[in-house]
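Hello,

Here is the structure I promised to pass on to you. My notes on what turned up in it follow below.

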Amino acid sequence: KGRPELKEPAQSIDHMKADLFDDRWSQATKKHIKTSLVLYIRSMQKQLAPMGYHYKAQDIQGKQHLEHVIPQNKIITAYLHDKISSEVVLQMPLCLIDDNDKHILEGDWQTAGNWEFPFRRYIAAGYSNKILSVNGVVVDMDTYTLSDHFQMLGYKS
């Protein structure tokens, strides 16, 4: 199964978003559209990431957990409020971590989260494992920016 071009799923998401704000649909239908939109975005983010993810923690022992470096609800909200494009949504950073560590990162995004430096919430949460990009480069969680992420992907907005 081939990886789609970024433009196609981005257009598909934009169509669903338009339906979400179209008055011809009932609230019940809009609820289903939003659920479908969120599931489709999640699925396509994994498909479009170079290896199903962009970053991976070192020393994963057991089961793996795919983590949205910026929480998915924040990404969806920003998209629905026209703060980011569908192409950006589809390429937001995904990080593979040990399933046993996922509870560490469930803290409050508002105090530790930062769009410019998305890995800083890992530091604030006390997460200490090294994170490597798909290119094998160690990520400095304090200074790595969302711009660095998109630069690694070769994406120009």
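A word on terms to begin with: I call two residues in contact, or touching, when they have heavy atoms within 4.5 Å. This is a predicted model, in which local features need pLDDT of at least 70 and side-chain atom pairs count only at pLDDT 80 or more, while totals for chains, interfaces and linings use all residues. Residues are numbered from 1 along each chain as its sequence is written, and side-chain values use heavy atoms, with hydrogens and water left out.

Let me start with K30, which sits in helix 2 (helices are DSSP runs of H or I with at least four residues, strands are E runs of at least two, both numbered from the N terminus). Leaving aside residues up to four places away in sequence, K30 touches D19, L20, F21, D22, D23 and W25. K30 counts as buried because its relative accessible area is 12% (buried is under 20%, exposed over 50%, partly exposed in between, with a 1.4 Å probe and protein chains only). A polar atom of the K30 side chain lies 3.4 Å from the backbone oxygen of D22.

Helix 2 (residues 27–48) also meets helix 3 (residues 72–80): their axes come within 12 Å and cross at roughly 115°. Here axes are lines fitted to C-alpha atoms over the stretch in contact, and angles run from 0 to 180 degrees between N-to-C directions. From helix 2, K34, L37, V38, I41, R42 and Q45 meet Q72, I75, I76 and L80 of helix 3.

On the helix 3 side, the buried residues are Q72, I75, I76, A78, Y79 and L80. They pack against helix 1, helix 2, strand 2 (64–68) and helix 4. After helix 3 comes D82, with a positive phi near 60°.

L37 turns up again in the largest nonpolar core, which has 24 residues; L37, I84, L90 and M92 touch the most other members. Such a core is a set of buried Ala, Val, Leu, Ile, Met, Phe, Trp, Tyr and Cys residues joined through side-chain atoms within 4.5 Å. A second, separate core of 18 residues includes Y53, A57, F119 and Y127.

Finally, L153 is in helix 7 and is partly exposed because its relative accessibility is 27%. L153 touches P50, H54 and Q91, not counting residues up to four places away in sequence. Between L153 and Q91 there are 8.4 Å from C-alpha to C-alpha, although they are 62 residues apart in sequence.

Best wishes

Notes:
A polar contact is a pair of N or O atoms within 3.5 Å; within protein, one must be able to donate a hydrogen and the other to accept it, and residues adjacent in sequence count only if both atoms are side-chain atoms.
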